[in-house]
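Student: I have just opened this one and would like to go through it slowly. Can we take it topic by topic?
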Protein chains: 2
Amino acid sequence: MLSNKDMKRYNKKNDYSYTFGAFPTYELLENRPENVEKILIHSTASKEIYDKIKLLCDKNDIPLVINDKLLEKLREKDSCIVVGVFHKFQCEMEKGENHVVLVNPSDTGNMGTIIRTCIGFGIRNLAIIEPAVDIFNPKVIRASMGSLFHLNYKYFSSFEEYATVYGADRCMYPFMLKGAKKLGAFPLDRDCAFSLIFGNEATGLDDSFLKVGQSLRISHSDAIDSLNLSLAAGIAIYEFTKNYF
Amino acid sequence: MLSNKDMKRYNKKNDYSYTFGAFPTYELLENRPENVEKILIHSTASKEIYDKIKLLCDKNDIPLVINDKLLEKLREKDSCIVVGVFHKFQCEMEKGENHVVLVNPSDTGNMGTIIRTCIGFGIRNLAIIEPAVDIFNPKVIRASMGSLFHLNYKYFSSFEEYATVYGADRCMYPFMLKGAKKLGAFPLDRDCAFSLIFGNEATGLDDSFLKVGQSLRISHSDAIDSLNLSLAAGIAIYEFTKNYF
């Protein structure tokens with residue numbers, strides 16, 4: 001049991017993290033109640049929010065605590081009136097399902113936005129190749145709008161490690177400015193689970209990925225150097241899944 | 001002429017703004033040299049960056065100033081070693097061209113990312129319906145990676161004002177969760193310039209837009225409430241322009 005005085009602002013080294021705001025906290029309570037330590041709510045929260053949080057807490061025997069001082073210490077924005085305190089969790093990825101693979105992602109906002117898009121388009125498995133941003137950073141959770149709690153994720157020390165464990169019976173699609181084929185201009189193999197692979201924000205994927213599966217590019221004008229990472233991933237995920245929704 | 005001591009951190013009320021970082025400053029110098037007041041460069045800048053900036057400044061008779069103290073006062077991140085100082089500019093939008101219309105956008109990062117995607121996919125005209133974020137906020141410029149300097153933009157006090165001036169001979173596509181047709185599942189009118197219309201991050205477009213042109217939705221799973229605004233706009237822009245690139 002984590003005491004109130006032990007709780008500090010988020011630190012990667014701790015085994016617990018926070019949801020900030022009502023919406024991500026609902027997602028936490030609905031999808032990962034077994035990981036929740038407690039919920040903090042501010043005395044100024046509306047009755048509507050209080051009642052909804054209270055119901056979810058009671059259902060799962062989770063303590064709901066009104067403690068303005070502690071909440072104000074932990075939160076990152078003054079407008080935040082609900083904080084979920086939860087234990088970080090490990091996942092197993094599903095072998096037969098579609099994956100997104102992020103190689104060395106460095107931006108918390110991009111990672112959260114990509115998770116939200118994955119969940120929105122039915123991809124529930126995310127592989128992350130280190131070095132990489134911390135998936136439990138509250139900024140990731142916030143950008144994901146709590147969709148992180150629908151996701152199976154796993155960190156790997158190299159792409160080769162991922163490919164060894166999960167690469168069999170799967171179509172790999174690295175996205176690169178030099179990609180051999182244009183996204184949308186070739187037929188997808190509908191019988192094969194796919195992995196959509198994206199590189200770091202600044203450097204992209206290195207040339208070794210030209211030999212991995214079928215490399216793809218998202219063609220654009222030469223007025224920009226590249227698309228934003230979360231945009232490129234979102235467009236690719238949309239194109240691969242649009243017939244399912 | 002703006003004196004060094006008059007220069008303050010960015011303020012919406014001033015008639016000048018800043019590019020932070022080498023890349024957006026190259027874009028400024030290459031595309032809007034007539035608006036540049038001066039360039040500040042840090043004494044620690046690499047020779048490569050200094051030489052490139054110097055060449056662009058000399059070509060356009062723009063003062064290049066080494067002033068670490070001033071630059072450190074203005075910049076928002078310690079890693080920034082180049083600051084462009086430029087006068088805000090007004091634009092006219094092109095009547096016969098494709099437009100993106102943002103109704104009440106409230107997030108600087110989203111606006112910048114959407115501008116980058118627009119320019120990447122050949123849309124050079126952006127209408128912004130007030131109240132809205134300030135397009136010259138340096139955070140917008142940074143998220144746009146300087147592609148703002150390729151753009152024609154215009155603010156309007158209402159959507160009706162935009163439609164009155166620019167609505168003739170144009171296909172309007174408001175994007176809404178309740179959109180009547182699914183993006184990608186209906187044939188686009190290739191002979192008609194289009195306007196892709198997106199609402200505010202939190203509230204979307206109100207129901208009155210169901211009567212504007214052809215409302216569209218980007219179908220996704222019910223595990224998320226909605227896509228991130230810049231993702232929704234990026235996917236829509238990609239789908240409407242993918243045959244051109």
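Student: What volume does the second largest pocket have?
Tutor: Keeping in mind that this is a predicted model, the second largest pocket comes out with a volume of about 310 Å³.

Student: And which residues lie nearest its centre?
Tutor: The lining of the second largest pocket is made up of 14 residues, and those nearest its centre are A:Q90, A:D134, A:F136, A:Y153 and A:Y155.

Student: How does that lining divide by class?
Tutor: For the second largest pocket, 8 of the lining residues are nonpolar, 1 is polar and 5 are charged.

Student: How many residues are in contact, then?
Tutor: On chain A there are 31 residues in contact with 31 residues of chain B. Between them, chain A and chain B bury about 2600 Å², and 61% of this area is on carbon and sulfur atoms.

Student: Which three residues supply more of chain A's buried area than any other three?
Tutor: Those are A:R116, A:L231 and A:Y238, which supply 23% of the area that chain A buries against chain B.

Student: What about charges, how many salt bridges are there between chain A and chain B?
Tutor: The count between chain A and chain B is 2 salt bridges. A salt bridge is formed by A:E239 with B:K242, where the closest N and O atoms are 3.4 Å apart. As for polar contacts, 16 residue pairs are found across the interface of chain A and chain B, with both residues at pLDDT 80 or more.

Student: Now the cavities: how many are 30 Å³ or more?
Tutor: The count comes to 2 cavities of 30 Å³ or more. The largest cavity has a volume of about 50 Å³, while the second largest cavity holds about 40 Å³ of space.

Student: Which residues line the largest cavity?
Tutor: From chain A the lining has A:F121, A:Y238, A:K242 and A:F245, and from chain B it has B:K182, B:L183, B:R217, B:I218 and B:S219. By class, the lining of the largest cavity has 5 nonpolar, 1 polar and 3 charged residues.

Student: And which ones line the second largest cavity?
Tutor: The second largest cavity is lined by A:K182, A:L183, A:I218 and A:S219, together with B:Y238, B:T241, B:K242 and B:F245. That lining divides into 4 nonpolar, 2 polar and 2 charged residues.

Methods. Residues are numbered from 1 along each chain as its sequence is written. Chains are lettered from A and ligands numbered from 1 in the order in which they are written. This is a predicted model: local features need pLDDT of at least 70, side-chain atom pairs count only at pLDDT 80 or more; totals for chains, interfaces and linings use all residues. Side-chain values use heavy atoms; hydrogens and water are left out. On a 1 Å grid over the protein atoms alone, a cavity is a set of points where a 1.4 Å probe fits but cannot get out, and a pocket is an open set with protein on both sides within 12 Å along at least five of seven lines; lining residues have an atom within 4 Å of a point. Grid points are joined across faces, edges and corners, and a volume is the space filled by probe spheres set on the points. Ala, Val, Leu, Ile, Met, Phe, Trp, Tyr, Cys and Pro count as nonpolar, Asp, Glu, Lys and Arg as charged, and the others, Gly among them, as polar. Contact means heavy atoms within 4.5 Å. Buried area is the accessible area (1.4 Å probe) that two parts lose on being put together, summed over both. A salt bridge is a side-chain nitrogen of Lys or Arg within 4 Å of a carboxyl oxygen of Asp or Glu. A polar contact is a pair of N or O atoms within 3.5 Å; within protein, one must be able to donate a hydrogen and the other to accept it, and residues adjacent in sequence count only if both atoms are side-chain atoms.
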